[in-house]
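The following note sets out points for a colleague who has the model open.

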Amino acid sequence: MKIIVPVKRTPDTAAEKVIGDDRTVDRDAGESVLCPVNEFSIEEAVRLKESQDAEVTVLLVGPESAQSTVRKALSYGLDGGLQVTDDAIAGSDALGTARVIAKALESREWDLVIFGNQSTDARTCLVPAAVAELLGVPSLTYARHLEVEGDTVTVHREHEEGWDVVEAQLPAIVSVVEAINEPRYPSFKGIMAAKSKPLDVVSLADLGVSADEVGAGNAAATMYEFEPRPPKEAGTVVEDDGSGAAAAQLADWMVDKKFA
Amino acid sequence: MHRLSEPELALIEMVREVAAERIAPAADRYEREHTFPRELFDLLAGLDLTGLPFAGEVGGSGVSQRTYLMVVEEVTRAFAALGMGLSVHTLATWGIDTYATPAQRERFVPDLVAGSMLGAYSLSETGSGSDAAALTTRAVRDGDGYRLTGTKAWVTHGGVADRYLVMARTSDDGARGISAFVIDADQPGMTVAPPESKIAMWASPTAQIVFDDAPVDADRLLGGEEGRGFGTAMASLEGGRLGIAACAVGLAQAALDEAVRYARQREQFGRPIADFQGVGFLLADMAARTEAARALYRSAAEQRDQGLDIGRVAAMAKVVATDAAMQTTTDAVQVFGGVGLTTDVPVERYLREAKILQIVEGTNQIQRLVISRSLTAS
Ligand SMILES: Cc1cc2nc3c(=O)[nH]c(=O)nc-3n(C[C@H](O)[C@H](O)[C@H](O)COP(=O)(O)OP(=O)(O)OC[C@H]3O[C@@H](n4cnc5c(N)ncnc54)[C@H](O)[C@@H]3O)c2cc1C
């Protein structure tokens, strides 16, 4: 089985964000890291590598400097990397990014693509489904459990009330949520081996993507304004004085907040 | 000055992450429960951290002493008993790896390097601490093998280790009468006493090991030759002292981190106590002392990496770093004031742990003895 894990380089969530004049995140202003959600998609791929001898390639769309992110992903024990780097990609929206990823996937053989369900910077959750749509393959999103048997992939798709069991034939595209596993840390031998794993860097032209399908100028979505998230409001404290009144208060609160 | 390679930088970054996320949060519980953190040692093993400085042919990663010691420093910064445990494990493994016959090396080293076995080093006895060559545990020839009788003392990992490097007497010829044996935990005739009740490092058991006519095969005599045990023990300790120095720097750094954080947040007289020069200068001295100790142990490690004799500089690093840790952890408690004396904050534990580092692997008096003798020897 061949697996491709698309990963993203994102600003460190712990660091202060800088939004540039073009209303996109200034990626050079702060520390950038492998998107934390990718640790879960990588872990899932590594498990399939261990259990089914899958060959796993990491795919990254991003600037030259993101190579360290590809190496970081490889340090978990993946087999090789494919990086799409082109100045024309800068400022692409989710759809533009999906076009590039779809073309990159078309350039390789694979049975399964494992995305994180969202990235910690944009959090649109659009890319996995968009790529599946562009390629005309099944899309199994929000997986909190994933199993591959023969030609069939089965996932537990998480939603507010629980999960659905969804099944598809390979090739298929899956996106995983953080509940799916507990990611390991890369071992030191993994880190050392990552240095010499094959890594192909390709341009849009190599993939046959024309520059007018991508980039800020061709984005379908436009960002007009942004605002920092308001600080969390103080919670409600219900004190139990032993009279049983607290239970009623708690129940009222839950009804009020539509939990019950 | 040695520059870290990219994988080495990634290694330190990985260790910091694991230490902050998995090790530091668990430390207090293991300490309170007086249990050795085997799960955390296994975690280190899974990340290839239990055999870093050893050669690839025994499963190691072949990193420099300097890099290995940086890892010890980071682990200790999160949890002293585990950091010292890693150092002691490596000391025992190094002794075996360096002095074993090729067959013994193949047989005894890979499991230690992989961390599936935990190592221990047993030189001291109740009657022979600083004067280690006065040890009396005997290994008497018996047919093809030996019979060991006697009591070893102060064994770090005693009772939880899987493999011990044990020094015992094969003749009455002083230091030349000492031999080293590789003894496994299932050794018949060997029992482990209950661990000592001590000031700190409760998660690192220190115990006596009693040999009562214990039959030991001849192929467990390290190097296959009698009389080489004391040399093995002393050479191992040289590296071990750098390990303790790295532990001390990690501990001092942890105390400094806590003190700085608290001094910025605690307010008296209407402002953070860090604004008072009396506190700020204390922090400055703590930082300077820690950095000086760090520079010294890393310089000693580089000399070892270059194959130079490090007897004197290793003793210097051990004494400077552990004295720095003692002073810095004491000062950290001072910065905290009353709460620093309580178990609500970790600095009281750091202070107790620092005291142990001034005594293990040769007291600081013995280090000064080593340094002064090397200065005045003709
Ligand atoms: C927590 C812990 C873990 C340990 N782990 C191990 C281990 O894993 N393996 C192992 O083999 N040992 C271990 N030890 C033993 C340790 O190495 C000894 O405690 C140490 O070498 C000192 O020996 P001693 O305790 O017998 O003190 P002593 O030698 O009795 O010393 C008592 C005092 O006299 C001073 N002194 C002695 N001789 C001189 C001298 N010539 N000049 C000046 N001052 C002198 C000492 O500095 C000390 O202050 C451990 C000890 C502790 C506390």
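1. The coordinates discussed here are a predicted model.

2. Which residues come nearest to the ligand? Among the 22 residues around the ligand, these are G129(B), S130(B), W154(B), T363(B) and Q365(B). The elements that each supply two or more residues to this shell are β1 (119-122), β3 and α10 (364-376) of chain B. By class, the shell comprises eleven nonpolar, nine polar and two charged residues.

3. Strand β3 (residues 145-156) of chain B runs antiparallel to strand β7 (residues 206-216) of chain B, and eight bridges join the two. Within this pairing, T151(B) faces V210(B) of β7(B). Strand β7(B) is also joined to strand β6 (residues 190-192) of chain B by three bridges, and here too the run is antiparallel. In that case M190(B) stands opposite F211(B).

4. How many residues does each chain bring to the contact between them? Chain B brings 13 residues and chain A brings nine residues. On the side of chain B that touches chain A, the largest share, seven residues, belongs to helix α1 (residues 6-33) of chain B. That side of chain B consists of eight nonpolar, two polar and three charged residues.

5. Chain A contains an open sheet of nine strands with mixed pairing, in the order β9-β8-β7-β10-β6-β1-β4-β5-β11. Its edges are formed by β9 (162-169) and β11 (199-202) of chain A, each of which pairs on one side only. From one strand to the next, the twist averages 30°.

6. Within the sheet of chain A, strand β6 (residues 112-116) and strand β10 (residues 172-176) run parallel and are joined by five bridges. One of the residues concerned is G116(A), whose bridge partner in β10(A) is V176(A).

7. Helix α4 (residues 127-135) of chain A lies across β6, β7 and β10 of chain A, and runs at about 70° to β7(A).

Key
Residues numbered from 1 in each chain as written. Chains lettered and ligands numbered in written order. Predicted model: local features only at pLDDT ≥ 70, side-chain atom pairs only at ≥ 80, totals over all residues. Pairing = 2+ DSSP bridges. Helix = DSSP H or I, 4+ residues; strand = E, 2+ residues; numbered from the N terminus. Axes fitted to C-alpha atoms, helices over the stretch in contact; angles between N-to-C directions. Contact = placed C-beta atoms within 7 Å. Nonpolar A, V, L, I, M, F, W, Y, C, P; charged D, E, K, R; others polar. Near = placed C-beta within 6 Å.
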